[in-house]
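This report covers the sheet, the domains and the chain contacts of the model below.

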Amino acid sequence: MRKHLSLAFVWIASGLIVLQLGASLFKLANEQTQKQVLHSVSLQTDNSPATHKATPAIDFQRLAEEMAQEKY
Amino acid sequence: MAKRKASNRNKNLEKLVSVVSLLALICCWYLGGQRADTSQMRFFADFLTQGESVVEVAPQLFKIVNDSEAKPQASKWVSFGSGIGYGGALSVATVFLPDDKLHTIALLSSKETAPYFAKVSEEKLPNALLGQSAKQAFSHDGVTGATLTSQAYISAVDSAADLLRQHKFGYSLFEPTSPWQQLQWLDAAAVVFFIAAVALNRSRSKHKAKLNAGLLLGSTLVFGFYSASLYSVSTIGGMIGGAWLMGVANYTPFILLGLSIVYIGYYNRNIYCQSLCPFGAVQQCLAKVGNAKSSPIRQPFFIWFPRLLLLVTLCMGAYFRSPAAFIYEPFGIAFGMIGGIYLFVLTIVIVLTSLVVRRPWCQSLCPINAMTDFIVFNKNWLKQIRSQRSKKRPHIQKAKEA
Amino acid sequence: MFPQSTVLDPLFWMGLGALQVLVFAGANRWAEQFQLGMNWWKWSLVGGWWASVLLTIAGSFTLLGENEGLAGWYLLGFLGTGLIIAGAILLRVLIALKPKALS
């Protein structure tokens, strides 16, 4: 039983390690090909006028019908 | 006779693999050096708007000028700075407004392990530095759990600001810390603990097991939970790559690794694993709880796979010049709660398995085992070559005398 | 609990309910079989541990259901692992505190 667990552990751990290394490699390789810097922050100095976003029209009737039809 | 031939062939194969591994590492290092550092060019491409160009007024300090204007107006400044982090140098580009306020910080390169910088940016440390004037020194509280990376970032910004201070106002506030100033009490503690481990391992005391447990406990608290200074593949990579010569924020893992290698060179054993490793201590503690027994896997694939992992990781670290980016041990999660989802799951798997199997990570996938095996193998090989040479010498001496 | 499907919810709770019945009905029998010599404070410890397990499962799966996937898995991972270890420690303690057989 312990031997089986040990074997299962090694397989799972190996898989996770390969995934982790793959993810790191992918990330670093991408950084090279990207045209942007790794990370940046800037002060918001320009005050653009707050645009008034039109609220989307909600069809309440349809909403009520759909909610009535929801089943769990 | 057949068995002896088989074992000889195995030895030769292992010798070949050993040499090929070293060559692969050197090759990756060389190829990595061929990669151009285009980070500054990328920064200029990103941040300069049309009609703007830069004029270098001092090393690493540039003035942004508008091509269209006849007379140069109050202009923005760009400067580059760097700080020393956990894995090595971290470099930034900063843009200062004409009134000396910090407008933009761009991270150009980092040798930190990815989750640490992610934490720094999540806690909005970079944003907190914006708007401050270059006339004063930049400082801020570090982010808990990522203090070294935070300090490196702040230091990088301050060193960039200092270039502007020197050029525009004629004074400097930034004191570059020499790498040797980074040594602290933790490094002395590392030496003390290691000497204690050596003394314990070579003694024949009745209470050896209990003293070892005590040493492990102390080490877990100091080098595990307090400072997470265990050494890992990234430490090996950093040591080979010479990051420690150019400056790292924490020397403790390197000291522990160096002492371990010296001991292995003399005694063919790595006492760090048995007497100092915090992660091993955690597994051993859980083994006591769950009455775990050892259950090593002896298949050749699982003997060679960890070695392959170590080699691949070192090669990738060498190529990208960033050993701290390629960690696969779950120490960060176990002692600092920092790391990605895969390492998180790996930590849980190891912790739960430790209840049933004794030290599962140590006896299977730990790269330190692979490193120890490699050093011992090559040490014995060199010893063999030396003893063969000294055997031939008497014959050469006699031939000379004759 | 399971945002992507509506049938898994009732199935999950039915399964957990069945498990509860087995646990409550069988706990006494298990303790007698292993001769653990249970008394009121030992039962409180075991009860507290079992309640923590249920709360952890309920909490993390609720987070999963609220589309807080990362939070749910991390809660399950941290607390779940901690509880499994606590359970192992509890078992060792109970076995160690077994009443010695009177010869």
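Strand S3 (residues 77–84) of chain B is largely enclosed by the rest of the structure, because eight of its eight residues are buried. A residue counts as buried if 20 or more other C-beta atoms lie within 10 Å of its own, as exposed if 12 or fewer do, and as partly exposed in between, with C-beta atoms placed from the backbone. Strands (E, at least two residues) and helices (H or I, at least four residues) are DSSP runs, numbered from the N terminus. The model is predicted: local features need pLDDT of at least 70 and side-chain atom pairs count only at pLDDT 80 or more, while totals for chains, interfaces and linings use all residues. Residues are numbered from 1 along each chain as its sequence is written, and chains are lettered from A and ligands numbered from 1 in the order in which they are written.

In a regular strand the side chains alternate between the two faces of the sheet. Both faces of S3(B) are covered: Trp77(B), Ser79(B), Gly81(B) and Gly83(B) are buried on one side, and Val78(B), Phe80(B), Ser82(B) and Ile84(B) are buried on the other.

| Strand pair | Sense | Bridges |
|---|---|---|
| S2(B) (residues 61–66) and S3(B) | antiparallel | three bridges |
| S3(B) and S4(B) (residues 89–96) | antiparallel | eight bridges |
| S4(B) and S5(B) (residues 102–109) | antiparallel | six bridges |

Phe62(B) is bridged to Val78(B) in S3(B), Ile84(B) to Ala89(B) in S4(B), and Ala93(B) to Ala106(B) in S5(B). The hairpin of S3(B) and S4(B) has four residues between the strands, and in it Gly88(B) takes a positive phi near 135°.

These strands belong to an open sheet of six strands with antiparallel pairing, in the order S1(A)-S5(B)-S4(B)-S3(B)-S2(B)-S1(B). Strand S1 (39–42) of chain A and strand S1 (52–58) of chain B stand at the edges with a single partner strand each, so one side of each has no neighbour in the sheet. From one strand to the next, the twist averages 20°. Helix H5(B) packs on the sheet and touches S1, S2, S3, S4 and S5 of chain B; the direction of H5(B) makes about 140° with that of S3(B). Such angles run from 0 to 180 degrees between N-to-C directions, with axes fitted as lines to C-alpha atoms, for helices over the stretch in contact.

Chain A, which supplies one edge strand, has two helices and one strand, running α-β-α from the N terminus on. Of the 72 residues in chain A, buried residues make up 12%.

An automatic or database assignment divides chain B into domain 1 (53–170) and domain 2 (181–386). The contact takes 17 residues from domain 1 of chain B and 19 residues from domain 2 of chain B, where contact means C-beta atoms, placed from the backbone, within 7 Å. On the domain 1 side, helix H3 (114–122) and helix H5 (147–169) of chain B each supply at least two residues, and H3(B) gives the largest share, four residues. That side divides into nine nonpolar, five polar and three charged residues. Here Ala, Val, Leu, Ile, Met, Phe, Trp, Tyr, Cys and Pro count as nonpolar, Asp, Glu, Lys and Arg as charged, and the others, Gly among them, as polar.

Chain C also meets chain B: seven residues of chain C are in contact with eight residues of chain B. The chain C side has four nonpolar residues, two polar and one charged.

Technical notes
Contact = placed C-beta atoms within 7 Å. Pairing = 2+ DSSP bridges.
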